[in-house]
Amino acid sequence: MAAIAHVLTHINLGWAPAGWTLMIPGIDRFAQLCADAFGFGPRTVRLPGGMEGGPSPETR
(Lines give C-alpha, C1' and ligand atoms only; values in the text may rest on other atoms or scores of the structure.)
Protein backbone atom coordinates (compact mmCIF):
# COMPACT_ATOMS: atom_id res chain seq x y z
CA MET A 1 0.00 0.00 0.00
CA ALA A 2 2.91 2.33 0.68
CA ALA A 3 4.18 1.83 -2.87
CA ILE A 4 0.78 2.76 -4.29
CA ALA A 5 0.66 5.86 -2.10
CA HIS A 6 4.08 6.97 -3.35
CA VAL A 7 3.10 6.37 -6.97
CA LEU A 8 -0.06 8.45 -6.53
CA THR A 9 1.99 11.40 -5.27
CA HIS A 10 4.07 11.33 -8.46
CA ILE A 11 1.27 11.10 -11.05
CA ASN A 12 0.07 14.71 -10.83
CA LEU A 13 -1.23 17.23 -8.33
CA GLY A 14 -4.77 15.86 -8.65
CA TRP A 15 -3.77 12.42 -7.32
CA ALA A 16 -1.21 13.67 -4.80
CA PRO A 17 -3.73 14.27 -1.96
CA ALA A 18 -4.92 10.67 -2.28
CA GLY A 19 -1.32 9.49 -1.93
CA TRP A 20 -0.70 11.79 1.02
CA THR A 21 -3.86 10.51 2.71
CA LEU A 22 -2.73 6.90 2.27
CA MET A 23 0.56 7.77 4.00
CA ILE A 24 -1.09 8.99 7.22
CA PRO A 25 -0.34 6.59 10.11
CA GLY A 26 -3.45 4.61 10.92
CA ILE A 27 -5.02 5.16 7.52
CA ASP A 28 -2.14 3.32 5.85
CA ARG A 29 -2.64 0.34 8.16
CA PHE A 30 -6.40 0.36 7.59
CA ALA A 31 -5.93 0.51 3.81
CA GLN A 32 -3.50 -2.42 3.97
CA LEU A 33 -5.95 -4.38 6.13
CA CYS A 34 -8.74 -3.76 3.59
CA ALA A 35 -6.49 -4.76 0.69
CA ASP A 36 -5.56 -8.00 2.48
CA ALA A 37 -9.18 -8.73 3.40
CA PHE A 38 -10.40 -8.28 -0.18
CA GLY A 39 -7.75 -10.61 -1.58
CA PHE A 40 -5.24 -8.23 -3.11
CA GLY A 41 -1.77 -9.66 -2.87
CA PRO A 42 0.69 -12.08 -4.40
CA ARG A 43 -0.71 -14.54 -6.89
CA THR A 44 0.72 -17.74 -8.34
CA VAL A 45 0.73 -17.98 -12.10
CA ARG A 46 -0.46 -21.18 -13.77
CA LEU A 47 1.83 -22.03 -16.66
CA PRO A 48 0.97 -24.32 -19.57
CA GLY A 49 1.57 -27.96 -18.72
CA GLY A 50 0.29 -27.71 -15.16
CA MET A 51 3.41 -26.06 -13.75
CA GLU A 52 3.10 -23.12 -11.37
CA GLY A 53 5.19 -19.99 -11.53
CA GLY A 54 6.14 -17.72 -8.69
CA PRO A 55 8.75 -17.68 -5.96
CA SER A 56 10.81 -20.82 -5.65
CA PRO A 57 10.52 -22.77 -2.38
CA GLU A 58 14.06 -21.71 -1.44
CA THR A 59 13.09 -18.01 -1.38
CA ARG A 60 9.87 -18.37 0.61
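Visitor: Why does D28 count as partly exposed?

Guide: In this predicted model, D28 has a relative accessibility of 26%. Buried would require under 20% and exposed over 50%, so D28, at 26%, falls in between and counts as partly exposed.

Visitor: How do you know which class R29 belongs to, buried or exposed?

Guide: R29 has a relative accessibility of 57%, and the class called exposed begins over 50%; because 57% is over that cut-off, R29 counts as exposed. As for its place in the fold, R29 lies in helix α3, which covers residues 27-37.

Visitor: What makes the contact of D28 and R29 a salt bridge?

Guide: Between the side chains of D28 and R29, the distance from N to O is 3.7 Å. The criterion asks for a side-chain nitrogen of Lys or Arg within 4 Å of a carboxyl oxygen of Asp or Glu, and because 3.7 Å is within 4 Å, the contact of D28 and R29 qualifies. In general terms, side chains of opposite charge can pair when their charged atoms come close.

Visitor: How many salt bridges does a search of the whole structure find?

Guide: The search of the whole structure finds 1 salt bridge.

Visitor: Why is L33 called exposed?

Guide: L33, which is found in helix α3, has a relative accessibility of 53%. Since exposed means over 50%, and 53% is over that value, L33 is therefore placed in the exposed class.

Visitor: What separates L33 from M1, in sequence and in space?

Guide: L33 and M1 are 32 residues apart in sequence, while their C-alpha atoms are 9.6 Å apart in space. For R29 and A2, the separation is 27 residues in sequence and 9.5 Å in space, again from C-alpha to C-alpha.

Visitor: Which residues make the nonpolar surface patch of about 310 Å²?

Guide: The patch is made by V7, I11 and W15, and one of these, V7, has its place in helix α1, residues 2-11.

Visitor: What is the order of the elements, and how much of the protein counts as buried?

Guide: The protein has 3 helices and 2 strands, and from the N terminus on, the elements run α-α-α-β-β. Of the 60 residues, 12% count as buried. The accessible surface comes to about 5,000 Å², with 68% of it belonging to carbon and sulfur atoms.

Terms used
Residues numbered from 1 in each chain as written. Predicted model: local features only at pLDDT ≥ 70, side-chain atom pairs only at ≥ 80, totals over all residues. Heavy atoms only, no water. Patch = residues over 30% accessible without salt bridge, like charges linked within 9 Å, V, L, I, M, F, W, Y side chains within 5 Å. Areas by Shrake-Rupley, 256 points an atom, 1.4 Å probe, with all protein chains shown as cover. Helix = DSSP H or I, 4+ residues; strand = E, 2+ residues; numbered from the N terminus. Buried < 20%, exposed > 50% of the residue type's maximum accessible area, 1.4 Å probe, protein only.
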